[in-house]
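Okay, everyone, thanks for coming.

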Amino acid sequence: MTHSPQTLEEAHIMLTTWDPFRDVERLFEVDPRSRSIPAPFDAVRSSDEVVLSYDLPGFRADDVDVTVENHVLTLTASRTQPELPEGTQRLVAERRFGTVRRQVTLSDTLDGQNISAHFDNGVLELRIPVSEKALAVKVPIGVGATSIDAESSSTSDEPAGAASN
(Lines give C-alpha, C1' and ligand atoms only; values in the text may rest on other atoms or scores of the structure.)
Protein backbone atom coordinates (compact mmCIF):
# COMPACT_ATOMS: atom_id res chain seq x y z
CA MET A 1 0.00 0.00 0.00
CA THR A 2 1.41 3.39 -0.95
CA HIS A 3 0.74 6.66 0.85
CA SER A 4 0.68 10.12 -0.61
CA PRO A 5 3.20 12.59 0.89
CA GLN A 6 0.29 14.51 2.41
CA THR A 7 -0.85 11.41 4.30
CA LEU A 8 2.68 10.77 5.59
CA GLU A 9 2.96 14.40 6.71
CA GLU A 10 -0.37 14.16 8.50
CA ALA A 11 0.81 10.99 10.23
CA HIS A 12 3.99 12.81 11.33
CA ILE A 13 1.92 15.63 12.81
CA MET A 14 -0.28 13.16 14.66
CA LEU A 15 2.79 11.49 16.16
CA THR A 16 4.41 14.76 17.23
CA THR A 17 3.95 15.34 20.95
CA TRP A 18 5.55 18.78 20.97
CA ASP A 19 4.62 21.37 18.40
CA PRO A 20 5.63 24.95 19.22
CA PHE A 21 3.60 26.28 16.29
CA ARG A 22 0.30 24.68 17.37
CA ASP A 23 -0.85 27.68 19.39
CA VAL A 24 0.46 30.56 17.29
CA GLU A 25 -2.86 32.41 17.49
CA ARG A 26 -2.41 32.68 21.27
CA LEU A 27 0.89 34.60 21.03
CA PHE A 28 -0.64 37.98 21.76
CA GLU A 29 -3.46 37.02 24.10
CA VAL A 30 -3.29 37.95 27.77
CA ASP A 31 -3.60 35.07 30.25
CA PRO A 32 -6.61 36.13 32.38
CA ARG A 33 -5.42 34.13 35.41
CA SER A 34 -2.03 35.78 35.72
CA ARG A 35 -2.46 38.89 33.57
CA SER A 36 0.81 37.94 31.91
CA ILE A 37 1.56 38.38 28.24
CA PRO A 38 2.86 35.35 26.30
CA ALA A 39 6.44 35.79 25.13
CA PRO A 40 6.67 35.39 21.33
CA PHE A 41 9.25 32.90 20.14
CA ASP A 42 10.68 31.05 17.14
CA ALA A 43 11.63 27.37 17.19
CA VAL A 44 14.13 25.64 14.91
CA ARG A 45 15.05 21.95 14.93
CA SER A 46 18.23 20.34 13.66
CA SER A 47 19.24 16.71 13.96
CA ASP A 48 20.73 17.15 17.43
CA GLU A 49 18.91 20.10 19.07
CA VAL A 50 15.92 22.40 19.18
CA VAL A 51 16.59 26.13 19.48
CA LEU A 52 13.94 28.43 20.96
CA SER A 53 14.46 32.17 20.51
CA TYR A 54 12.32 34.49 22.65
CA ASP A 55 11.98 38.22 22.03
CA LEU A 56 12.26 40.02 25.37
CA PRO A 57 13.00 43.66 24.50
CA GLY A 58 13.69 45.90 27.47
CA PHE A 59 14.43 42.97 29.80
CA ARG A 60 17.79 42.13 31.36
CA ALA A 61 19.05 38.58 31.89
CA ASP A 62 18.42 39.03 35.64
CA ASP A 63 14.71 39.65 34.90
CA VAL A 64 14.29 36.23 33.24
CA ASP A 65 13.64 32.84 34.86
CA VAL A 66 13.55 29.52 32.98
CA THR A 67 12.53 26.24 34.62
CA VAL A 68 11.73 22.73 33.43
CA GLU A 69 9.44 20.48 35.45
CA ASN A 70 7.62 17.35 34.23
CA HIS A 71 8.56 18.07 30.59
CA VAL A 72 7.15 21.62 30.77
CA LEU A 73 9.54 24.49 30.07
CA THR A 74 8.35 27.70 31.72
CA LEU A 75 9.79 31.10 30.88
CA THR A 76 8.87 34.01 33.15
CA ALA A 77 10.22 37.55 32.86
CA SER A 78 9.16 40.54 34.92
CA ARG A 79 9.95 44.22 34.85
CA THR A 80 8.34 47.14 36.59
CA GLN A 81 7.67 50.61 35.32
CA PRO A 82 10.28 53.02 36.67
CA GLU A 83 9.18 55.51 39.28
CA LEU A 84 8.89 59.10 38.15
CA PRO A 85 10.93 61.74 39.88
CA GLU A 86 8.91 64.05 42.09
CA GLY A 87 7.34 66.95 40.21
CA THR A 88 7.03 65.05 36.87
CA GLN A 89 4.06 63.38 35.27
CA ARG A 90 3.80 60.65 32.67
CA LEU A 91 2.37 62.00 29.39
CA VAL A 92 2.43 58.81 27.31
CA ALA A 93 2.82 55.22 28.53
CA GLU A 94 2.85 52.75 25.63
CA ARG A 95 5.65 50.42 26.70
CA ARG A 96 4.60 47.21 28.42
CA PHE A 97 5.62 46.45 31.96
CA GLY A 98 4.70 43.52 34.13
CA THR A 99 5.15 39.80 33.58
CA VAL A 100 5.80 37.91 30.38
CA ARG A 101 5.23 34.17 30.60
CA ARG A 102 5.32 31.23 28.21
CA GLN A 103 5.08 27.48 28.73
CA VAL A 104 6.13 24.89 26.17
CA THR A 105 5.68 21.15 26.61
CA LEU A 106 8.86 19.26 25.72
CA SER A 107 8.55 15.82 24.17
CA ASP A 108 10.34 12.82 25.64
CA THR A 109 12.85 13.06 22.79
CA LEU A 110 14.29 16.32 24.17
CA ASP A 111 16.78 16.48 27.04
CA GLY A 112 15.25 19.10 29.33
CA GLN A 113 18.00 18.60 31.91
CA ASN A 114 20.79 19.91 29.65
CA ILE A 115 19.37 23.15 28.25
CA SER A 116 21.78 26.00 27.63
CA ALA A 117 20.61 29.62 27.68
CA HIS A 118 22.13 32.77 26.22
CA PHE A 119 20.69 36.30 26.46
CA ASP A 120 21.85 39.07 24.11
CA ASN A 121 20.22 42.30 22.90
CA GLY A 122 16.79 41.38 24.26
CA VAL A 123 16.74 37.89 22.72
CA LEU A 124 16.86 34.78 24.89
CA GLU A 125 18.12 31.71 23.07
CA LEU A 126 17.52 28.28 24.59
CA ARG A 127 19.29 25.26 23.10
CA ILE A 128 17.64 21.97 23.99
CA PRO A 129 19.56 18.86 22.94
CA VAL A 130 17.79 15.89 21.42
CA SER A 131 18.19 13.00 23.86
CA GLU A 132 20.59 10.22 22.94
CA LYS A 133 17.73 7.72 22.64
CA ALA A 134 16.05 9.87 19.96
CA LEU A 135 19.08 10.52 17.74
CA ALA A 136 19.07 8.83 14.36
CA VAL A 137 21.06 5.61 14.29
CA LYS A 138 22.29 3.86 11.15
CA VAL A 139 21.16 0.24 11.26
CA PRO A 140 23.54 -2.16 9.53
CA ILE A 141 21.87 -4.67 7.25
CA GLY A 142 23.42 -8.10 7.23
CA VAL A 143 23.14 -10.68 4.49
CA GLY A 144 21.92 -14.09 5.57
CA ALA A 145 24.20 -17.15 5.20
CA THR A 146 21.63 -18.90 3.00
CA SER A 147 21.65 -16.17 0.36
CA ILE A 148 25.48 -16.09 0.28
CA ASP A 149 25.66 -19.86 -0.21
CA ALA A 150 23.03 -19.67 -2.94
CA GLU A 151 25.01 -17.02 -4.79
CA SER A 152 28.31 -18.90 -4.65
CA SER A 153 26.76 -22.19 -5.77
CA SER A 154 24.88 -20.56 -8.66
CA THR A 155 28.14 -19.18 -10.08
CA SER A 156 29.84 -22.58 -9.92
CA ASP A 157 30.44 -24.60 -13.09
CA GLU A 158 29.11 -27.74 -11.46
CA PRO A 159 25.51 -28.72 -12.12
CA ALA A 160 23.09 -28.27 -9.25
CA GLY A 161 23.08 -31.27 -6.94
CA ALA A 162 26.45 -32.64 -8.16
CA ALA A 163 28.79 -33.81 -5.42
CA SER A 164 32.32 -32.52 -5.32
CA ASN A 165 35.26 -34.59 -4.25
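Predicted model: local features only at pLDDT ≥ 70, side-chain atom pairs only at ≥ 80, totals over all residues.

β4 and β5, with β5 covering residues 72–79, run antiparallel and are joined by six bridges. If you look along that pair, you'll find Thr-67 standing opposite Thr-74 in β5.

Now zoom out to the sheet. What's the order of its strands? It goes β1-β6-β5-β4, an open sheet of four strands with mixed pairing. At the edges you've got β1, residues 37–38, and β4, residues 64–69; each has a single partner strand, so one side of each is left without a neighbour in the sheet.

Okay, on to the inside. The largest nonpolar core has 20 residues, and the ones with the most contacts inside it are Leu-52, Tyr-54, Leu-56, Leu-75 and Leu-124.

Let me pick out Tyr-54. Leaving aside residues up to four places away in sequence, Tyr-54 touches, among others, Phe-41, Leu-73, Leu-75, Arg-102, Val-104 and Leu-124.

Next, have a look at Arg-79, over two rings. Arg-79 lies over the face of Phe-97, at 4.5 Å from the ring centre, and also over the face of Phe-59, at 5.2 Å from the ring centre. As for rings with rings, the structure holds one aromatic pair.

Then there's Asn-121, in the loop between β7 (116–120) and β8. Buried or exposed? Asn-121 has 73% relative accessibility, and the cut-off for exposed is over 50%, so Asn-121 counts as exposed. Asn-121 and Arg-60 are 61 residues apart in sequence, yet C-alpha to C-alpha they're 8.8 Å apart in space.

Last thing: confidence. The chain's mean pLDDT is 75, with 65% of its residues reaching 70 or more. Over residues 1–19 the pLDDT stays under 50, and the model has ten contacts for them beyond four places in sequence. Residues 23–34 are also below 50, with twelve contacts in the model beyond near neighbours in sequence.

That's my tour. Over to you.

How values were computed. Residues numbered from 1 in each chain as written. Heavy atoms only, no water. Phe/Tyr/Trp six-rings, centres within 6.5 Å; stacked < 30°, edge-to-face > 60°. Lys NZ or Arg CZ within 6 Å of the ring centre and 35° of its normal. Pairing = 2+ DSSP bridges. Helix = DSSP H or I, 4+ residues; strand = E, 2+ residues; numbered from the N terminus. Core = buried A, V, L, I, M, F, W, Y, C linked by side-chain atoms within 4.5 Å. Buried < 20%, exposed > 50% of the residue type's maximum accessible area, 1.4 Å probe, protein only. Contact = heavy atoms within 4.5 Å. pLDDT = per-residue confidence, 0-100.
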